[in-house]
Amino acid sequence: MDGKCCTCRAPVNIAVIKYWGKRDEKLILPVNSSLSATLGMDELHAKTSVAASSQFKDDRIWLNGKEESVSNPRIQNVLKEIRRRYAQKGDGDSAVMKVHICSENNFPTAAGLASSAAGYACMVYTLARLYGVDGELSEVARQGSGSACRSVYGGFVLWEKGQRSDGTDSLAKQIAPADHWPALRILILVVSDQKKQVGSTEGMQTTVATSELMQRRIEVVPQHTEQMIKAIKDRDFETFARITMQESNQFHAVCLDTYPPVFYLTDTSRLIIQMVHAYNTMCEKTRVAYTFDAGPNACLYLMEEDVARVVGLVNHFFPPGSDTSENFVRGRPVTLLEQPS
Ligand code: PMV
């Protein structure tokens with residue numbers, strides 16, 4: 001392993017059943033199951049290189065070109081677990097060899113675009129390749145960032161919350177491969193690439209501790225999940241879209257019910273929500289769904305046949321360089337970040 005280097009890429013995933021709230025902070029065990037679609041490898045992704053050398057004195061990590069503290073407990077969790085698995089293989093003592101990790105995203109970090117999901121999934125996968133460790137990696141990625149466990153797989157991925165206190169059954173599994181629904185598309189509207197004010201860890205903790213609506217949410221997520229799995233298997237876009245939007249709305253309602261409240265949506269996010277509903281009403285059919293994570297940026301799910309019209313609509317209501325709401329203040333337009341094919 002001495003002198004070896006490995007580079008991998010891992011894509012972002014966009015949740016349609018949202019993960020929000022932990023029952024175990026250290027092992028990162030969620031209060032509810034969640035479900036997402038993983039984007040294609042050529043779209044939003046993290047790229048990580050890891051080098052191991054007997055010459056290295058310490059483990060070190062660079063994120064988007066800037067050195068960060070490797071003592072971050074989540075990075076430590078991941079490193080320890082990979083090294084533990086490596087040691088179990090009994091391949092000598094190079095498990096203690098120090099590593100240098102270099103990771104970058106091709107999109108804004110910490111702006112509610114699942115950067116930690118792609119980042120940790122990628123780090124775990126790259127370390128596993130370098131150490132020659134096989135086995136279930138979603139369990140390791142989960143200990144870096146919960147949503148990262150879903151980016152370990154492509155297509156439609158369910159993260160089962162699990163029952164056990166040691167987290168060994170809190171794993172991600174693919175429920176349908178990427179090519180199962182070839183006409184499904186995602187558009188990402190970047191409202192802001194600023195770092196969010198309340199990180200998801202802190203936001204979740206406060207929600208679990210204070211939100212009265214959260215209990216209701218925990219009760220309904222299993223039904224949403226079951227209906228969503230069926231909608232994906234049946235390629236039933238209307239049901240898929242309705243639950244996606246209801247899930248996003250409920251997640252942000254729970255954030256608002258947190259005390260003090262957590263605001264991730266902005267006026268522009270709300271204009272996008274109105275635009276989508278107006279379009280669906282005009283079509284007399286649900287043709288587009290929005291979903292927002294812990295940030296103001298919108299992810300729109302739609303079918304291929306609607307992409308051109310919806311892109312036209314976005315450009316009409318949010319023209320590049322427009323002075324709509326906070327974009328004017330920030331001096332930024334809504335950017336249509338991607339149009340995966
Ligand atoms: O993995 P974290 O801690 O970044 O959690 C993010 C959770 C959401 O993105 C808001 C929802 C989800 O399921 O991805």
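The largest nonpolar core holds 86 residues, and those touching the most other members are Ile82, Ala121, Val124, Tyr125, Leu127, Ala141 and Leu300. A nonpolar core here means a set of buried Ala, Val, Leu, Ile, Met, Phe, Trp, Tyr and Cys residues joined through C-beta atoms within 7 Å. Buried, in turn, means that 20 or more other C-beta atoms lie within 10 Å of a residue's own; with 12 or fewer it is exposed, in between it is partly exposed, and the C-beta atoms are placed from the backbone. H2 is the top contributor to this core, with twelve residues. Domain 1 (5-180) and domain 2 (184-338) each supply at least three core residues.

All this comes from a predicted model, where local features need pLDDT of at least 70 and side-chain atom pairs count only at pLDDT 80 or more, while totals for chains, interfaces and linings use all residues. Residues are numbered from 1 along each chain as its sequence is written.

Contact means that the C-beta atoms of two residues, placed from the backbone, lie within 7 Å.

As for the domains, their bounds come from an automatic or database domain assignment. The C-alpha centres of domain 1 and domain 2 are 25 Å apart. Across the divide, 25 residues of domain 1 are in contact with 34 residues of domain 2. On the domain 1 side, E2 and strand E11 (172-176) are the elements giving two or more residues, and E2 has the largest share, with four. Helices (H or I, at least four residues) and strands (E, at least two) are DSSP runs, numbered from the N terminus.

Strand E2 (residues 13-17) is mostly covered, with five of its five residues buried. E2 also pairs with strand E5 (residues 34-38) in the antiparallel sense over four bridges; pairing requires DSSP to find at least two bridges between two strands. Within E5, Ala37 is the bridge partner of Ile14.

Then there is the ligand. It has 15 residues around it, of which Ala15, Tyr19, Ser147, Ser200 and Asp293 come nearest; a residue counts as near if its C-beta atom, placed from the backbone, lies within 6 Å. Helix H2 (115-131) and helix H4 (200-210) are the elements giving two or more residues to this shell. Both domain 1 and domain 2 give residues to the shell, so the ligand lies between them.
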